[in-house]
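This report describes a protein for a reader who is new to structural analysis. Please keep the sequence and the 3D view at hand while reading.

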Amino acid sequence: MRFDGYYILSDLLGYENLQQRSCQYGRWTLRRFLFGIDQPQPEEISQERKRFLIFFGFALIVYRFFLFLGIALLVYHIFFQPLGLFLMFVELGYFIFWPIFNELKEWYRLRAQILQSFRGKITICIFSFLLLYVFLPFQGRVDAPAVLHAQLSQNFYAPAQSRIEKIFVKNNDKIEKGDVLITLSSPDLDRRILLAQSELEKQEFLLQRRGFLNSDLLSQINEETVQQARVKLSGLIEQRNKLEIIAPISGVIRDIDFYLQPGQSVSQNTLLLSIIDPSHFVVTAYLSDSDQKRLIEKNIEGIFYFANNFEQIPIIFEILSPTSTQTISWRELSSIYGGVISSDPAVDGKSPYPVARQSFYEAMFLLPENYTYKIKEPLVQKGFVRLRVQRKSIFSLYFNDLVNILRQENLVP
């Protein structure tokens with residue numbers, strides 16, 4: 001039976017049409033509270049029943065709001081586009097906005113009584129202030145998730161399924177550019193290189209003797225196939241060369257897993273270590289599409305707030321990526337690793353970086369030249385940036401977000 005709990009409750013209490021009667025009492029109470037209108041009760045009942053109907057009416061209104069909002073979001077994600085978007089608007093319009101519109105019509109019908117009431121005048125003033133707050137450009141601030149990190153840094157991942165042969169460094173070691181850090185080996189890759197070398201030698205031998213022999217096999221051998229074999233061998237050798245991890249910059253070793261030992265096998269994209277240059281720090285923030293459009297000037301000043309304490313440091317906007325991305329270069333901000341950006345693992349499973357559920361723009365901020373940052377552990381600090389930007393209204397911000405969604409679904413140009 002549909003909503004069987006509701007019908008069981010109605011039968012136990014002996015209330016017929018419980019939903020309609022409770023909603024009527026909820027609207028009646030709301031008008032009295034907001035505008036002080038002394039309307040007659042929807043029906044004459046005892047005080048106990050009236051209190052219950054008022055409570056149940058408000059609880060039902062809240063429940064139905066979130067229920068239909070959830071259903072609208074569900075159909076948007078389940079159905080193909082643009083059908084999902086259309087069904088979402090139908091759900092929101094019929095079950096949420098239409099009842100609100102009917103109640104507003106009732107308020108308009110009672111406008112004479114509302115304007116005569118002192119409480120009504122107070123409520124109108126409050127609503128007017130809220131409308132001004134929504135439609136006037138009061139919002140001159142942008143908050144975005146960010147990380148404070150060394151300007152020069154690099155993570156190293158296992159390029160293929162391999163075995164650790166030797167580890168030459170440990171955490172906090174200072175290294176120079178060109179130092180060998182870790183050596184890996186891959187028997188499978190060595191086997192594939194031997195096969196590619198054998199195939200290349202075979203094709204070169206047959207190509208040299210095309211003038212003396214004639215067969216179907218020789219007819220398939222030419223300069224192009226030999227060149228393809230050379231490229232394949234070169235790619236495998238290049239991949240094997242990457243098994244020797246060499247420092248491309250000078251800095252400090254970080255993030256070596258304590259459990260990594262020589263002789264241990266590691267899978268592709270396993271994080272082996274990181275190198276950072278602790279002499280210069282910058283801030284990388286992830287801005288939404290609507291927020292990045294508000295960074296109209298270079299040298300915008302802002303504040304970086306640390307996530308784990310109340311400390312803050314000044315920052316200056318330097319550069320914004322020209323295109324959006326869903327790849328989160330700093331995994332600390334991903335929800336998979338306890339960050340605030342909703343994300344999922346890479347679909348192909350090969351990329352070590354999480355994929356955000358919406359597009360972002362990477363923005364880089366510098367610390368002022370006269371500011372000295374006291375290095376903390378860990379060297380990558382999570383937080384958020386707060387910027388003073390061009391003022392906009394709340395309505396325009398959400399309207400721009402809606403337009404961006406429609407553009408993503410190819411519904412507007």
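## A buried aromatic pair

Is Trp107 buried or exposed? Trp107 has 16% relative accessibility and therefore counts as buried (buried means under 20% relative accessible area, exposed over 50%, and partly exposed in between, with a 1.4 Å probe and protein chains only). Phe35, at 3%, is likewise classed as buried.

A pair of aromatic rings is described by the distance of the centres and the angle of the planes. Rings of Phe, Tyr and Trp (its six-membered ring) pair if their centres lie within 6.5 Å; planes under 30 degrees apart are stacked, over 60 edge-to-face, and the rest tilted. By this rule there are 14 aromatic pairs. In one of them, the centres of Phe35 and Trp107 are 5.0 Å apart and the planes stand at 80 degrees, so the pair is edge-to-face. Because Phe35 belongs to helix α2 (residues 18–35) and Trp107 to helix α4 (residues 83–109), the pair ties together parts 72 residues apart in sequence. Ring pairs join Phe35, Trp107 and Phe127 into a cluster.

## Basis and confidence of the model

The model is predicted: local features need pLDDT of at least 70, side-chain atom pairs count only at pLDDT 80 or more, and totals for chains, interfaces and linings use all residues. Residues are numbered from 1 along each chain as its sequence is written, and side-chain values use heavy atoms, with hydrogens and water left out.

The mean pLDDT (the predictor's confidence in each residue, from 0 to 100) is 83, and 91% of the residues reach 70 or more. Helices (H or I, at least four residues) and strands (E, at least two) are DSSP runs, numbered from the N terminus.

## An open sheet

An open sheet is formed by 4 strands in the order β2-β9-β7-β4, with antiparallel pairing (two strands pair if DSSP finds at least two bridges between them). The edges are β2 (153–157) and β4 (174–175); each has a single partner strand, so one side of each lacks a neighbour in the sheet.

Between β2 and β9 (residues 271–276) there are 5 bridges. Tyr157 stands opposite Leu271 in β9.

## The second largest pocket

The lining of the second largest pocket divides into 11 nonpolar, 6 polar and 4 charged residues. β1 (139–150), β2 and β9 each supply at least two lining residues.

Definitions and conventions
Ala, Val, Leu, Ile, Met, Phe, Trp, Tyr, Cys and Pro count as nonpolar, Asp, Glu, Lys and Arg as charged, and the others, Gly among them, as polar.
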